[in-house]
Amino acid sequence: MPWRRKEPIHSLLKRLALPIALFFLFAAGTAAHGEELRLSLRECIETALKNQPTMRAARASIGAGQGRETQAASPYFPQVSASTGYSENRQLGGALG
């Protein structure tokens, strides 16, 4: 075999069983209100994976990693700085005044 799964498929199915079952219960509840909702197995799995908390956390972690990557590369980008100032000096008195 050119590749091997890191975890067996039955382990993956066990982890996904609860989100998929909850999705079917939710879908049955909305269909009972007069709307008929038919989803394929693929759509159910995609929806369960999209709403699964572990997957949401993983996507957020990826976004945070991308931000850290940009932050780490920022010293190599051109830096621009600007400043301005104003000073006024009025002296009263003195030799001429």
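This dialogue walks through a few features of one predicted model.

User: What should I know about the model and its numbering before I start?

Analyst: This is a predicted model, in which local features need pLDDT of at least 70 and side-chain atom pairs count only at pLDDT 80 or more, while totals for chains, interfaces and linings use all residues. Residues are numbered from 1 along each chain as its sequence is written, and side-chain values use heavy atoms, with hydrogens and water left out.

User: Which secondary structure elements does the protein chain have?

Analyst: Helices (H or I, at least four residues) and strands (E, at least two) are DSSP runs, numbered from the N terminus. Here the protein chain has three helices and zero strands, in the order α-α-α from the N terminus on.

User: How is the packing of α2 and α3 described?

Analyst: Two packed helices are described by the angle between their axes and the distance between the axes. Axes are lines fitted to C-alpha atoms, for helices over the stretch in contact, with angles from 0 to 180 degrees between N-to-C directions. Helix α2 (residues 41-51) and helix α3 (residues 53-73) pack at an angle of about 60°, their axes 5 Å apart, and are therefore oblique to each other (under 35 degrees counts as roughly parallel, over 145 as roughly antiparallel, 65 to 115 as roughly perpendicular and the rest as oblique). The contact (heavy atoms within 4.5 Å) is made by L49, K50 and N51 of α2 and P53, M55, R56 and R59 of α3.

User: Is A48 buried or exposed?

Analyst: Buried means under 20% relative accessible area, exposed over 50%, and partly exposed in between, with a 1.4 Å probe and protein chains only. A48, which lies in helix α2, is buried because its relative accessible area is 6%. Leaving aside neighbours within four places in sequence, A48 is in contact with P19 and I20.

User: How does L22 compare with those cut-offs?

Analyst: L22, in helix α1 (residues 9-31), is partly exposed, because its relative accessible area is 48%.
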